[in-house]
Amino acid sequence: MAQVITIAGERLFALKAQNNEQLDIDTFIFANVPGQDPNATIDRNEGLPPVAQRVHQQIVQQVGRINDNVVVYSTVLDSVTGPFDFNWVGLYSSANQTLIAVSHIPSVSKTITVPGAAGNTLNRNFGIEYSGIADLAGITVQPETWQLDFTARLSGMDELTRQLAADMNGKDWFIGDGFKVVPRSTTNTFKVTPGAGYVSGLRVELKQDHILTIQSYPQFVYVDAWFDGDASSKWAPKTAFTVTNGEMDDYIDVNGKPHYVVKAARIVDATTVEDLRSTKGLAQKIDEHLSKNEAHQATAIKLSTPSKRSVQDAFDEIPNILDFGASTNGVTSSRQAILDARAASKYRSQIYIPAGVYVCDEDIQQVYYGGGEVKKSNGQYNKKFIRAAQGITQATTVPMTCILRQDSKKSGWYFISDSGHRTNGFTSVAQQVDDPYSLQVEYDFTALKIGSITACTDEWFAKAGLKVGTSVSQSFVRIFAYKDACFSVANSTGVVDANGFFGETITAVLNQDKTVTVTHPPTLSATEKPVLSPWRPSPASILIPVLLNLTSTSFTYALYGNADGSINKIGNDWLVETTSSIKPTVVADTGGITITHPGMSSGITMVSARDGWGNAYVESTSNITTRVILRNYDGTLIDPTSENVNYKMLYNSNELVQQDFVFGGITCIRQNVALKWENVYGESGNLWVSGTMEV
């Protein structure tokens, strides 16, 4: 089973934290996705499955705060919910229309209570881990026990117990004659004698003779041990025996349980057995401990007169490497002195390194106090050595800072390092390949606990309207950038003119139905509408952009205006000129003209003849046709069918209808649009990143 927080969810966390807004997560979505592998890695860009694959949706019924950085969201599918199968579960924020987390699981059948059969009841939980998530989501209550899956924790406890037993008692050994293989009087049969022992730390016990029958020789006898239990939760080590002439290694069975094997004997022939058991596990451990203790005492005697140091340079409770023979000349290796001081430290292996240059090539992460510097034998700084906050006896925080810049578009982000700027605690910066909206800054160490890393813009980026937020982990911080996108779209060509940093990431397409679709990087809310306004409209028309469709990465609009135009008689032809999507047709008779305009519900409300061409009157109108009478200035009727009559008039309706693509365009402002980091640049624009981490 695989589970991830989506990139969209992580981005939402960062923005809510940046804006000091509460995070609302309220919905579970269940789906049945064909061909899904529950063990495959989940793409963190994954979205909601198609509607046809979604089988159920239900509110979050219970939340719980495990600690400041971990919360759990839960829902219960009761016995009257269903029936359906599902292998995909999503945690969703309907207020922000954002998929927060995804879980791929083996297919599960949800049954429903019917006469004669009770339906099943299932609970589903999402544990969300993110720095400060409990306060961000406003969750203060402790979780119920049913909200927590203890399987992984209990398995970890079992494994820790096994390893501790192996460390203390020996990995593979047996007590006395326990599990010893000996021949029996019956030909080709052998017995394994009762007793106890340890197999990879698991304590195994055989309470009675186990009989083996051998058909060919030579053969090895392996003890196979594993930890198992039943529904009553009575768990204990189990054993079996395997006879084979080949080699056998530890393995995992079809139920996912680890098995540990040890070679107990080699049966040479019907009367000869080589005992391969070890019976000195615990005694050997005691001997090793005594040997180490004697060596430690000798070292303590040798170093009974440590080098002198000033009171100001020392913390009495933290071992000083000078006490263990370290050299300050920057040439002689102090590796062993550092290791000895580390072993003697009582608090997280912290040590004191006073002022000076020390050489150590050891590749271990080490927190230290004092003003010393540790380099490798090649002269490079050993970045595994981390100077902790000075003057605080048990402080383990590392101050971190860097200044980031990209001089030109797509030239690459880098650390500013000069006489006025210094990078501390960070080692690399790069835009993520799988998420161009994420700028990842790596630490030069792995933190023990997540601290606080914040990013802010300098005055140059601030004037440009750039907003940034961070997502913090134990080995890196990811920075996300947002900006209000302000751009224009040319109605006749679809050409986009976007303000700084967006560039080619905003595009427009002219559709066949006379609408325009604009595509842009994701926003944080799919429901927050863009502000649209026309520019350079036709002098004869007032155009209004109308929003038709909206998502987090696109919107579609159309231009609306009055249905108007002109009608001209040239010879025997009546010609209509209009920018409206409704183009009327004209039929003339001796008494007037009939204008047909399907889809114009209010009809033509006004006509007027052009100067010098008499008068025009609306006699009647409907949602399909309008009848117009033409008269001379003296009031006499004009016969429109007369060959010697040329006529020009204008028509208008107060109804708004969709217009064809015309010159001019629209301007748009859409808030909180994500920026690709390759497009954010400026010779004077810097990002300041700082904070502390616990190591």
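Predicted model: local features only at pLDDT ≥ 70, side-chain atom pairs only at ≥ 80, totals over all residues.
A polar contact is a pair of N or O atoms within 3.5 Å; inside a protein, one of the two must be able to donate a hydrogen and the other to accept it.

**Histidine 520**

The side chain of histidine 520 makes a polar contact of 2.9 Å with the side chain of arginine 670. Histidine 520 sits in the loop between β35 (516-519) and β36 (531-535). Is histidine 520 buried or exposed? Its relative accessibility is 5%, so it counts as buried, given that buried means under 20%. Setting aside neighbours within four places in sequence, the residues in contact with histidine 520 are Thr505, Ile506, Ser552, Thr553, Ser554, Phe555, Arg670 and Val673.

**Histidine 104**

Another histidine worth a look is histidine 104, which belongs to strand β7 (residues 98-110). Histidine 104 has a relative accessible area of 7% and is therefore buried. Which side chains does the histidine 104 side chain meet in polar contacts? One is glutamine 36, at 3.4 Å, and another is glutamate 46, at 3.1 Å.

| Histidine | Partner | Distance |
|---|---|---|
| Histidine 520 | Arginine 670 | 2.9 Å |
| Histidine 104 | Glutamine 36 | 3.4 Å |
| Histidine 104 | Glutamate 46 | 3.1 Å |

**Backbone details**

If you check torsions, there are some to note. Glycine 82 and proline 83 are joined by a cis peptide bond, with omega about -5 degrees, and proline 83 lies in the loop between β5 (70-77) and β6 (84-93). The bond from tyrosine 217 to proline 218 is also cis, with omega near -10 degrees; proline 218 is in the loop between β14 (210-213) and β15 (219-228).

Asparagine 188, a residue other than glycine, has a positive phi near 65 degrees. Its place is the loop between β10 (181-183) and β11 (189-192), and at 27% relative accessibility it counts as partly exposed. Lysine 410 likewise has a positive phi near 65 degrees, in the loop between β26 (397-405) and β27 (414-415).

**An enclosed space**

The model has 1 cavity of 30 Å³ or more, and the largest cavity has a volume of about 40 Å³. Lining it are Ala14, Leu15, Gln18, Lys467, Val468, Gly469, Phe480 and Tyr482. Two or more of the lining residues come from each of α1 (7-18), β31 (467-472) and β32 (476-490). By class, 5 are nonpolar, 2 polar and 1 charged.

Notes
Residues numbered from 1 in each chain as written. Heavy atoms only, no water. Helix = DSSP H or I, 4+ residues; strand = E, 2+ residues; numbered from the N terminus. Buried < 20%, exposed > 50% of the residue type's maximum accessible area, 1.4 Å probe, protein only. 1 Å grid on protein atoms, 1.4 Å probe; cavity = no way out; pocket = protein on both sides within 12 Å on 5 of 7 lines; lining within 4 Å. Points joined across faces, edges and corners; volume = space filled by probe spheres on them. Nonpolar A, V, L, I, M, F, W, Y, C, P; charged D, E, K, R; others polar. Contact = heavy atoms within 4.5 Å.
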